[in-house]
Structure formats: structure tokens, C-alpha cells
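Subject: Structure for your files, with notes

Hello,

Here is the structure I promised to pass on. My notes on it follow below.

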Amino acid sequence: MSKIMALDIETGNYSWEIGGWDKHSLFEPTVVATWDGTDGHVFSKEEVEMEGVTVHPLHPRALGEHLEKHLESGGVILGHNIRKFDLPVLNAALDCKVAGDLMGKSENIIDTKILVDKAALAGDKIHTTLDTLVRSTLDSAKSMKSEDAPVAWREGRYLEVADYCLKDCQLTYDLYMHGKDNGIIKSRKMEDGSIVEIMVEW
């Protein structure tokens, strides 16, 4: 088990349907996934079957125990925009108290979006979406557009959404490890779309 465990969530609704991104309690969590480089866990609101992955019902106690076990072993939680979205939603909408506690423990959280924003602050304006970062750095891509996941869930494509959520965890993990090992990640300039290297100290 790695010290780093990536986390990602999907919701069944959109920010514009509930009045904005800050209405954390009104989001509907549907899937939560974690990945530590070896083991994947998926917590799903609907039953799904996935090979090579431990699947759990989406319940605040089960998720909280999973996160606590990792933290108690000296681990940290990794995510892309995890401070402003994933953890607040899990705390407010799922009533996962461990997620709420994590929000106040900066030493236990790594947020790649915040790290990239900070590293790029003095340079050109760049795209900081996970999709752009992994396409530019890893020559990989998300398996679905973020905005398509709630529609897929509503259409009953539960496995597809669960796979997508887990893959986002894996991409975030790989992006972080690439930056940690190489000191560089890549993105694209907003001005002309050209590739730019970002020096990182992770």
C-alpha cells in the first residue's frame, strides 16, 4: 500500500441545478473511488461489479473507515480540486465526518490543482483541468467528460461512471507521481494552446 491514496467523486446532479458550486449539501454523491497505486476501491450508490476492484455500498461509515485506515497508517489523501469540491461535498452531502475532519488537516491532503496553480502563478495563464494536465504530461486522457457523468448516471450507466471515477483517481495519482519523480508536468497556455512545462516541487 502506498502512502499516497487518490480520491475522486462523481455526483448525479450539476452545480447549475442547485444554485452554484458552493451549495455542497445539495450535491448528490453517486460514486467515490480511491487508488493507492495498487489497490482500487469503489463506493457506489448503485450496485456494480468490477474486476480487480473492491466494491462497497456508498455509505458514510464505510467510506470514513476506509479513509481513517489509510490516515492511521501514515497515509495522505490526494485529489484534483479535492479541497474545494470532493471533501466539502462528502462532508455536507454524504455526512462523512472523516471528510470534514480532513478539511482542517492540510498535512494530510495533497491537492494537485492548488499545487499547479501555485507553480504557474508567476508564468503564463494555463489550463489546470485534470484532462489537460494528463493529456499534456502523460499522453493519456479521461475516459469521459466530467459534464457527461451525471447524464450517464441518470441513464443507468452505473458501471461506466464507476470506471470513469476510478480512472480519474489513477490519472491523478500518475500525474502526481510524474511531477514528484521528474520535477516537471505539462499543460497548455490559454492564449494559444501551446504546450508549457511547469516546474513542480512535490
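Asp95 is partly exposed, with a relative accessible area of 44%. Its salt-bridge partner is Lys97, and the closest N and O atoms of the two are 2.9 Å apart. Lys97 is exposed, at 53% relative accessible area. Please keep in mind that this is a predicted model, and that every value here is computed from it.

The structure holds nine salt bridges in total. Another of them joins the side chains of Glu28 and Lys45, with N to O at 2.8 Å. This pair links distant parts of the chain. Glu28 sits in the loop between helix 1 (15-18) and strand 2, while Lys45 sits in the loop between strand 3 and strand 4 (54-57), 17 residues apart. Glu28 is partly exposed, with a relative accessible area of 27%, and Lys45 is also partly exposed, at 45%.

Arg157 and Glu155 meet through their side chains in a salt bridge of 2.4 Å, N to O. Arg157 counts as partly exposed at 33% relative accessibility, whereas Glu155 counts as exposed at 51%. The pair belongs to a network of salt bridges that links Glu155, Arg157 and Glu160.

Next, the cysteines. How many disulfides does a search of the whole structure find? It finds zero. Cys165 is in no disulfide, and the nearest cysteine sulfur, that of Cys169, is 5.4 Å away. Seen from Cys169, the closest cysteine sulfur is the one in Cys165, and 5.4 Å is too far for a bond; the cut-off for a disulfide is a pair of sulfur atoms within 2.5 Å. Both cysteines are shielded by the protein: Cys165 is buried, with a relative accessible area of 0%, and Cys169 counts as buried at 1%.

Now helix 2 (residues 60-72). Its 13 residues, at 1.5 Å a residue, should span 18 Å, and its end C-alpha atoms are 18 Å apart, which agrees. The buried residues of this helix are Leu63, Gly64, His66, Leu67 and His70. They cover an arc of only 160 degrees around the axis, so they lie on the same side of helix 2. The general rule is that an α-helix has 3.6 residues a turn, so residues three or four places apart point the same way.

What covers the buried residues of helix 2? The covering elements include strand 1 (4-11), strand 2 (29-35), strand 3 (40-44), strand 5 (76-79), helix 3 (82-92) and helix 4 (97-102). The face turned away from the buried side carries the exposed residues Arg61, Lys69 and Glu72. Just after helix 2, Gly74 takes a positive phi of about 95 degrees.

On to the nonpolar cores. The largest has 38 residues, and those with the most contacts inside it are Ile4, Val42 and Ile185. Two or more residues of this core come from each of strand 1, strand 2, strand 5, helix 6 (130-138), helix 7 (149-154), helix 8 (158-182) and strand 8 (195-199). Helix 8 gives the largest share of the core, 11 residues. Apart from this core lies another, of 22 residues, among them Phe43, Leu58, Leu63 and Leu67. Leu63 and Leu67 are also among the buried residues of helix 2.

Leaving aside its neighbours within four places in sequence, Ile185 is in contact with Val116, Leu133, Thr137, Leu175, His178, Gly179, Val196, Glu197, Ile198, Val200 and Trp202.

Is Leu171 buried or exposed? Leu171 is buried, with a relative accessible area of 4%. Beyond its neighbours within four places in sequence, Leu171 is in contact with Val134, Leu138, Ser140, Ala141 and Lys142.

Regards

Conventions:
Residues numbered from 1 in each chain as written. Predicted model: local features only at pLDDT ≥ 70, side-chain atom pairs only at ≥ 80, totals over all residues. Heavy atoms only, no water. Helix = DSSP H or I, 4+ residues; strand = E, 2+ residues; numbered from the N terminus. Expected span 1.5 Å × (residues − 1). Buried < 20%, exposed > 50% of the residue type's maximum accessible area, 1.4 Å probe, protein only. Arc of directions from axis to C-beta. Contact = heavy atoms within 4.5 Å. Salt bridge = Lys/Arg side-chain N within 4 Å of Asp/Glu carboxyl O. Core = buried A, V, L, I, M, F, W, Y, C linked by side-chain atoms within 4.5 Å.
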